Amino acid sequence: MFSRAFVSITTLAIAYAKATTRTMQVHDVRSTAPTTFTSLGAAPADMVLTVKVQVAQNDIAGLEKALMDVSTPGNALYGQHLSKEELESYTAPKAESLDAVTAWLKENDIEASSASPAGDWLSFDVPVSKANEIFDADYTVFKHTGGRELIRTLSYSVPEDLAAHIDVIHPSNTFAIASPAAAFKAIQAQPSASNGNLTSRGVPYSCASTVTPACLQAMYGIPTTAIGEKTNVLAVSGFIDMWANEADLKSFLSTFRKDLSSSTTFALQTLDGGSNPQTPRSSAGTEANLDIQYTVGLASPVPVTFVSVGEDNSDGTFGSLDMINYFLNMSTTPTVLSISYGVDETDLSPSMAKSICNAYMALGARGTSILFASGDGGVAGGQFGEQSQNCTVFVPSFPPSCPYVTSVGATTGIVETAADFSSGGFSNVFGRPSYQSSAVSSYLSALGSTNTGRFNTTGRGFPDVSTQGVNFEIVLDARRVLVNGTSCSTPTFASVVALLNDELIAAGKSPLGFLNPFLYSTAGAAALTDVTSGSNPGCGTDGFPATVGWDPVTGLGTPNYAALRTAVGL
Ligand SMILES: *[C@@H]1O[C@H](CO)[C@@H](O)[C@H](O)[C@H]1NC(C)=O
Ligand SMILES: *[C@@H]1O[C@H](CO)[C@@H](O)[C@H](O)[C@H]1NC(C)=O
Ligand SMILES: *[C@@H]1O[C@H](CO)[C@@H](O)[C@H](O)[C@H]1NC(C)=O
């Protein structure tokens, strides 16, 4: 008896020892923080971190196939977007993965809660000392040049036998701080030239110096009336305390859309402590006002919702993931999502970039068209000053480099040419998707040896499309000002898609969902006006030239509403 008891105690001790000495393996590492961050030393041991662990999803390859099936014109499943439950059959973790990760956390006295609709994200609070111990990490305070402090670790580990069950842990080595893709040097608008003088295409000559909704309607044939189908929601996201002002919208509409009802406005949704205060009026954000004025101002009566994502969870990337999970929890997702914020691809760990990109894949499969501004730094990305001239390699923007979003670049002029700030290029994380393989290989063969060694010839090329993006007139704090940026282009293209969806839904058809397989198809590309001049300089080079066909400055070109209408089967 005594001996047996002894044996069992010994066994327990061994089991315990095994549990705490699991063989650890580095799961993700980066050698340094981005140059815009400096280390302020170890994070305080007792500081509480909210840690999120993404458990491997059940079938991402299956989801990618499902996305391509429902998004590729001509496929038998085209337009049959996935329900919440159908999507979760791909995105929920396998029981064995969830059990294995949960058991490991329990060994460390951690009870995690589910933090996403599919149950793939787990969340728990632990002091820095414990996070350092369980992840073999070195959580440090990093300060951004903009003043923001992030707690990050350059490297972390997980037990060897769990490596395949864990996609990514956050916070770790992603250093993304979102910035809006609009030039903030807003300047006083010139008094608009008379709209009486029109070009042969019916475009007011004044559009060469100041872009208004009337210019975009004339240039792209955007209709001035629509049905306003209630299920067709155009969502506009707002981050970093950029707020959309209702009084400024009213004044914008009364100047530029006299034909709309004076009560035309937008709905509000908030998450992560987001809000949209209206007073003082000067608290309005340039980016949010631009985005709301050029969606409500072009797509009305399509319902527009401003989604204000607060900073509760934010530390950069997570707000955007929270927002996608918030949409994925809805039984009906927005039909179009317009986002004019981004970061450099190099700011994220590749595993976090993939995780976020997969979340866009999921939202696309639900039937949402996701549009991202391509960025305003030409080929140099978000770098400023000397760095943007001295860089030896081009810096792609993220999320535009994700193959499951539609990235929008900028043009200028009545005869359109590329805007020189229009970011574009090739991902270092995501390979070239099949829908653009022919368009991109043609461009690369014509490009020859230009910029060789400065970009990745196998990566996903962006942007996909473009619209005007220079000298947009908006109302900000009761004043008329001009703004530049791919931030102008994104709500414009998003409005075109929303108006097409309005007609499709009224005709009993599905909304467009993930756009790229359609846009790169022969019919889709033919419904866009190719922009063949200009370039996007940066890193001491001329950047990429815009050419006939797709190019990494203006994509496939700018919209032609009448042609798009026909191409989508209306
Ligand atoms: C999803 O929505 C339900 C209510 O509709 C809510 O109870 C739940 O917390 C939400 N889940 C997530 C992960 O947001
Ligand atoms: C926008 O770009 C135009 C053309 O390059 C330039 O004249 C103008 O100053 C820019 N405006 C802002 C706000 O940067
Ligand atoms: C180039 O892009 C591919 C994805 O297409 C990636 O696997 C590879 O690591 C990238 N190369 C570099 C040097 O970043």
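Predicted model: local features only at pLDDT ≥ 70, side-chain atom pairs only at ≥ 80, totals over all residues.

Me: Why is the pair C207 and C215 called a disulfide?

Reply: The label asks for a pair of cysteine sulfur atoms within 2.5 Å. The sulfurs of C207 and C215 are 2.1 Å apart, and the structure holds three disulfides. The torsion about this S-S bond is about -90°, so the disulfide of C207 and C215 is left-handed.

Me: How do you know whether C207 is buried or exposed?

Reply: Buried means under 20% relative accessible area, exposed over 50%, and partly exposed in between, with a 1.4 Å probe and protein chains only. C207 has a relative accessible area of 2%, so it's buried. C215 also counts as buried, at 2%.

Me: What makes the disulfide of C357 and C402 right-handed?

Reply: The S-S torsion of C357 and C402 is about 80°, so that disulfide is right-handed. The pair links distant parts of the chain, with C357 in helix α10 (residues 350-365) and C402 in the loop between β18 (397-398) and β19 (406-412), 45 residues apart. As for the element names, helices (H or I, at least four residues) and strands (E, at least two) are DSSP runs, numbered from the N terminus. The sulfur-to-sulfur distance of C357 and C402 is 2.1 Å, and both cysteines are buried.

Me: Which parts does the disulfide of C391 and C539 tie together?

Reply: Its sulfur atoms are 2.0 Å apart, and with a torsion of about -100° the disulfide is left-handed. C391 lies in the loop between α11 (385-390) and β18 and C539 in the loop between β26 (528-529) and β27 (558-559), so the pair ties together parts that are 148 residues apart in sequence. C391 and C539 are buried too. Number the bonded cysteines in sequence order, and the pairing reads 1-2, 3-5, 4-6.

Me: What makes β12 mostly covered?

Reply: Five of the five residues of β12 (residues 234-238) are buried. L234, V236 and G238 point one way and A235 and S237 the other way, and all are buried.

Me: How do you know which strands pair with β12?

Reply: Two strands pair if DSSP finds at least two bridges between them. Three bridges join β12 to β15 (residues 336-339), running parallel, and five join β12 to β14 (residues 304-309), also parallel. Within these pairings, L234 stands opposite V336 in β15, while V236 has F306 in β14 as its bridge partner.

Me: Why are β2 and β7 called edge strands?

Reply: The order β2-β6-β7 describes an open sheet of three strands with antiparallel pairing. β2 (37-42) and β7 (149-152) each have a single partner strand, so one side of each is left without a neighbour in the sheet. Four bridges join β6 (residues 140-144) to β7, and F142 has L150 in β7 as its bridge partner.

Me: What makes up the contact between domain 1 and domain 2?

Reply: The bounds, from an automatic or database domain assignment, are 19-57 + 92-170 for domain 1 and 179-567 for domain 2. Contact means heavy atoms within 4.5 Å, and here 16 residues of domain 1 are in contact with 21 residues of domain 2. Buried area is the accessible area (1.4 Å probe) that two parts lose on being put together, summed over both. Between these domains that's about 1300 Å², with carbon and sulfur atoms giving 46%. In domain 1, P117, R148 and H170 lose the most area to domain 2, together 33% of what that side buries.

Key. Residues numbered from 1 in each chain as written. Chains lettered and ligands numbered in written order. Heavy atoms only, no water.
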